[in-house]
Amino acid sequence: MKNISLNIENAVAQKVVAAYEAQVKACQDKLENGTGEGNDFLGWLHLPSSITAAELSELKATAQVMRENCEVVVVAGIGGSYLGARAVIEALGNSFSAFNGDKTNPTIVFAGHNIGEDYLYELTEYLSDKKFGVINISKSGTTTETALAFRLLKKQCEKQRGKDMAKKVIVAITDAVKGAARKCATQEGYKTFVIPDNVGGRYSVLTPVGLLPIAIAGFDIEQLVKGGADMEKVCGNDVPMMENPSAVYAATRNELYKQGKKIEILVNFNPKLHYMNEWWKQLYGESEGKDNKGIFNAAVDFSTDLHSMGQWIQQGERSIFETVVSIENPDHKLEVPFDEENLDGLNFLAGKRVDEVNKMAELGTQLAHVDGGVPNMRISVPQLNEYYLGQLIYFFEKACGISGYILGVNPFNQPGVEAYKKNMFALLNKPGYEAESKAILARI
Ligand code: PA5
């Protein structure tokens, strides 16, 4: 079976990348031996190959309970506690299932990733006549956005469905012992899953954080994990650097950064990958953007955004490179019809697959961008399914660990995220923040 593959020929010369071999090897050794910064967060490294059949069965059994008892499941979480699940569910789901009433699978909606009053109001309104359940996902168990949404959802679920049914359809995924989410789950008797201590949020999609919502949505988590496990081998420590796609990607993007390319855009030509872009942005942005360095991660959906950001990419400041995730084969077949009158002048496309038109847009864009001074890397994914998404996820995670170490940062912490929280808590007079409240009020 084919694997996902990386092509860097339009980005950096092979020999320039190959010169990173010793550095990459040192970074891979740090990951493997746990000798680098952030070494208490390396649980993701062999996660796919170490998930047991019993763990997968337990997840599937819980998913089944939710599927049998819920028309809608709300996944409450933020950052790494929701983006992975959303990325996979949106990549694999029917683009119009929200409108055409999918009767075989519960609808999955997301909350706890914003503090929008209108969003939460409209969510409670939408749920008011639905049999719904909730998965409360928070590693710390104290994240304000998620906790606030969960408080609303818990009350509504208990009121609408009764306390006994609420207990059956509310699941918590959190720390084994710490945090308010754990305390609440223990007190209420909810089914719980643990986020391992040594797996950070943005590396947690192949734990219950991602796997439970994905299973509830009706997708094959065994294939997802298998894809991750196979990629673990492809990107293993024993694989020569230039044959290891995650090592090559990590080295290439660091070389481009050194050459002044400060922005990387992740590009897709398939709208179903929009949330994969979002997941990737968090993975790389939180992992590398620190100590006053790091590539700025942005993402675009093409050809949609060729009609907006396309101009900047083609002719703006030359500080950008792109990484295209290209799906080789679509799931469905749709041909452009012939039209007798040809009023729209599109008969030159008649009989062609829509995907052929899309692929020519992709190739044309690549050539134009390379001509315009935008280095281009290309990740080919044979098909958009669970197995290859598992490969893609692990490929990006492994590359991120290596890339962060090449850059010289700790890719597993996110100290900068605390700054806004501290100010928000001070402004909201959270107990324990009295001194900060005083200081911030004096400033405004
Ligand atoms: O990657 C991370 O660690 C973060 O994005 C967290 O996932 C996010 O802040 C949510 O944290 P928690 O799961 O503790 O609610």
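Q: Why does Lys281 count as partly exposed?
A: Lys281 has 26% relative accessibility. The scheme calls a residue buried under 20% relative accessible area, exposed over 50%, and partly exposed in between (1.4 Å probe, protein chains only). So 26% puts Lys281 in the partly exposed class. Mind the source: this is a predicted model, where local features need pLDDT of at least 70 and side-chain atom pairs count only at pLDDT 80 or more, while totals for chains, interfaces and linings use all residues. Residues are numbered from 1 along each chain as its sequence is written, and side-chain values use heavy atoms, with hydrogens and water left out.

Q: What makes the Lys281 and Glu278 contact a salt bridge?
A: A salt bridge needs a side-chain nitrogen of Lys or Arg within 4 Å of a carboxyl oxygen of Asp or Glu. Here the N to O distance is 3.2 Å, so the pair qualifies. Glu278, at 22% relative accessibility, is partly exposed too.

Q: How do you know that Lys281 and Glu278 are separated by about one helical turn?
A: They are 3 residues apart in helix H14, which means about one turn. Helices here are DSSP runs (H or I, at least four residues), strands are E runs of at least two, and both are numbered from the N terminus. H14 spans residues 274–288.

Q: What is Gln282 in contact with, leaving aside neighbours within four places in sequence?
A: The list is Gly79, Gly80, Leu83, Arg202 and Ser287, where contact means heavy atoms within 4.5 Å. Arg202 is 80 residues from Gln282 in sequence, yet their C-alpha atoms are 7.0 Å apart.

Q: What makes Glu286 and Arg202 a salt bridge, and where do they sit?
A: The closest N and O atoms are 3.1 Å apart, so the pair passes the distance test. It links distant parts of the chain: Glu286 is in H14, and Arg202 is in the loop between S6 and helix H11 (208–216), 84 residues apart. Glu286 is partly exposed at 23%, whereas Arg202 is buried at 4%.

Q: Why does the Glu58 and Lys191 pair tie together parts that are 133 residues apart in sequence?
A: Because Glu58 lies in helix H4 (residues 53–69) and Lys191 in strand S6 (residues 191–194). The closest N and O atoms of this salt bridge are 2.5 Å apart. Both ends are partly exposed: Glu58 has 36% relative accessibility and Lys191 31%. The whole structure has 22 salt bridges, and Lys154, Glu158, Lys163 and Glu188 are linked in a network of them.

Q: How do you know that strand S4 is largely enclosed?
A: 7 of the 7 residues of S4 (residues 132–138) are buried, so the rest of the structure largely encloses it. Phe132, Val134, Asn136 and Ser138 point one way, while Gly133, Ile135 and Ile137 point the other way.

Q: What makes S4 a partner of S2 and of S5?
A: Two strands pair if DSSP finds at least two bridges between them. S4 has 5 bridges with S2 (residues 72–76) and 5 with S5 (residues 170–174), both in the parallel sense, so both pairings count.

Q: Why are S1 and S8 called edge strands?
A: In the open sheet of 5 strands, ordered S1-S10-S9-S7-S8 with mixed pairing, strand S1 (5–10) and strand S8 (296–301) each pair on one side only. S7 (residues 263–268) and S8 share 6 parallel bridges, and Ile265 stands opposite Ala298. Helix H16 (residues 354–371) packs on this sheet, touching S1, S9 and S10, and its direction makes about 160° with that of S9. Such angles run from 0 to 180 degrees between N-to-C directions, with axes fitted to C-alpha atoms, for helices over the stretch in contact.
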